[in-house]
Amino acid sequence: MLTVEEALEQILSRVRPLPTERVPLMAALGRALAEPIVSPREIPPWANSSMDGYAVRAGDTAGTPARLAVVGTITAGVMPSRGIGAGEAMRIFTGAPLPGGADAVIPQEDTDSADGHVLLKAAVAPGAYVRPRGEDLRVGDVVLQPGTALGPAEIGVLATVGATQVSVHRRPRVAILSTGNELAELGHEPGPAQIPNTNSYSLFAQVLEAGADPLNLGIAADRLESIDERLRWGGAADVLLSSAGVSVGDLDLVRAALTRAGAELHLWKVSMRPGKPITFGSVGGRPVFGLPGNPVSAMVTFELFVRPALRRMAGFRGIHRARLHARALTPIPNPGARRGYLRVTLARDTHGWGARLTGDQGSAILTSMVRADGLAVVPGDTTIALDEHVEVIAFRTLTQETV
Ligand code: AMP
Ligand code: MG
């Protein structure tokens, strides 16, 4: 039996980042950057004011209340036509370039104005309310490294350095196949011996959320020809992802179809719960995953094995979820010998994060995934006692603080 780490290492050693393409900036959101981005610009391009007020020489403001002659006005978008000398000030607005000779800004609320002069109610230090040239970016700065996930802040920085197009990795296309005679497709009322097809949809969503591009191959009946046909539909995909049909009973149908298609497959027993054996291999150089059929097992094995592989293929440097340590708010038992990945809700109080089981941990209880904020990692035959700490793989952005 393999450990989760051994299985993941074998998978990751067989996947590579996909080729790159240049895309318009706004098509790059959520993708992995494939080139270093070097700033050709100083940002800001010149020292400018961070307040509405008066540009001054700090040395002139010491003798409070100082009285300075106002020699002009500078608004954003206009370069000052002249500098200031001793005893002079210029009206200035936020974002406007500082005039030569000035080294500070005094905010408007600290001044009074009278007949072409400004009276300062306070002194200012050199540099006050001034944003120096290049304080954010210098020419030649490497602002983003390859492998960076492009989120809103990165998109903003790319626009700032003038990147109309960027090189990103291609998103892996993932063909998703469900198998089973008992499955009814979404939009069709399940017949007397049928259950709804869940996995095609939870996996589709997980693929999207991982930064890859899902393709739904629908449901194959438990017949070789049916599986063959659907697999052909997925011929253009980079990854094949099937669920169910890999346990002992009907094991050989998905595997047989893939093997006939030239796949080299490994059936691994991985020491984890939930999750029966998982199948991993390749067909024509493309990775193939056969996940267990129970909806929770499919989702958890996707999390642990497929998601990191897809993120590696998509070119991301960070391929793993964040892990945190949480205090057990109730005992968290893992009675089996296999390592447990147990669904927990997370809550924050003054002591930090706390974790609580979502309830029944059956691998067909999908509603317990709905309640889960993450998976507590519990060694086999171990109970995390009340108040003891446990490692949790956090799979949502936790925005709500509850007690
Ligand atoms: P199997 O591995 O084919 O024996 O499936 C294991 C369990 O998962 C069975 O109870 C199946 O009915 C269930 N199952 C398989 N595929 C799906 C699916 N796409 N959606 C919901 N449940 C499924
Ligand atoms: Mg089945």
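The legends below accompany views of a predicted model.

**View 1. Overall form of the predicted protein chain.** The protein carries seven helices and 28 strands. Its radius of gyration is 30 Å, well over the 22 Å that the globule rule gives for 403 residues, so the protein is more spread out than a compact globule. Taken along the principal axes, the box filled by the C-alpha atoms is roughly 95 × 50 × 40 Å. When contacts between residues at least 6 apart in sequence are considered, 70% of them join residues at least 24 apart.

**View 2. The largest nonpolar core.** This core has 41 residues, and those with the most contacts inside it are Leu241, Phe289, Phe302, Phe305, Leu310 and Tyr341. At least two core residues come from each of several elements, among them helix H1 (4-12), helix H3 (199-209), strand E17 (239-243), strand E21 (286-291) and helix H6 (295-313). Helix H6 gives the most to this core, with 10 residues. A second, separate core is made up of 16 residues, including Ile43, Leu150, Leu158 and Val166.

**View 3. The surroundings of Tyr341.** Tyr341 is one of the residues with the most contacts inside the largest nonpolar core. With its neighbours within four places in sequence left aside, Tyr341 is in contact with Val4, with Met272, Arg273 and Pro274, with Val300 and Leu304, with Leu375, Ala376 and Val377, and with Ile393. Val4 falls within the range of helix H1 (4-12), Val300 and Leu304 within that of helix H6 (295-313), and Leu375, Ala376 and Val377 within that of strand E26 (374-378).

**View 4. Val15, a buried loop residue.** Val15 is placed in the loop between H1 and strand E1 (20-24). The relative accessibility of Val15 is 3%, and because residues under 20% are classed as buried, Val15 counts as buried. Not counting residues up to four places away in sequence, Val15 touches Pro287, Ala309, Arg312 and Met313. Pro287 belongs to the stretch of strand E21 (286-291), whereas Ala309, Arg312 and Met313 belong to that of helix H6 (295-313). From Val15 to Arg327 the separation is 312 residues in sequence and 36 Å in space, C-alpha to C-alpha.

Notes. Residues are numbered from 1 along each chain as its sequence is written. Chains are lettered from A and ligands numbered from 1 in the order in which they are written. This is a predicted model: local features need pLDDT of at least 70, side-chain atom pairs count only at pLDDT 80 or more; totals for chains, interfaces and linings use all residues. Side-chain values use heavy atoms; hydrogens and water are left out. A nonpolar core is a set of buried Ala, Val, Leu, Ile, Met, Phe, Trp, Tyr and Cys residues joined through side-chain atoms within 4.5 Å. Buried means under 20% relative accessible area, exposed over 50%, partly exposed in between (1.4 Å probe, protein chains only). Helices (H or I, at least four residues) and strands (E, at least two) are DSSP runs, numbered from the N terminus. Contact means heavy atoms within 4.5 Å. The radius of gyration is taken over C-alpha atoms; the globule rule is 2.2 Å times the number of residues to the power 0.38.
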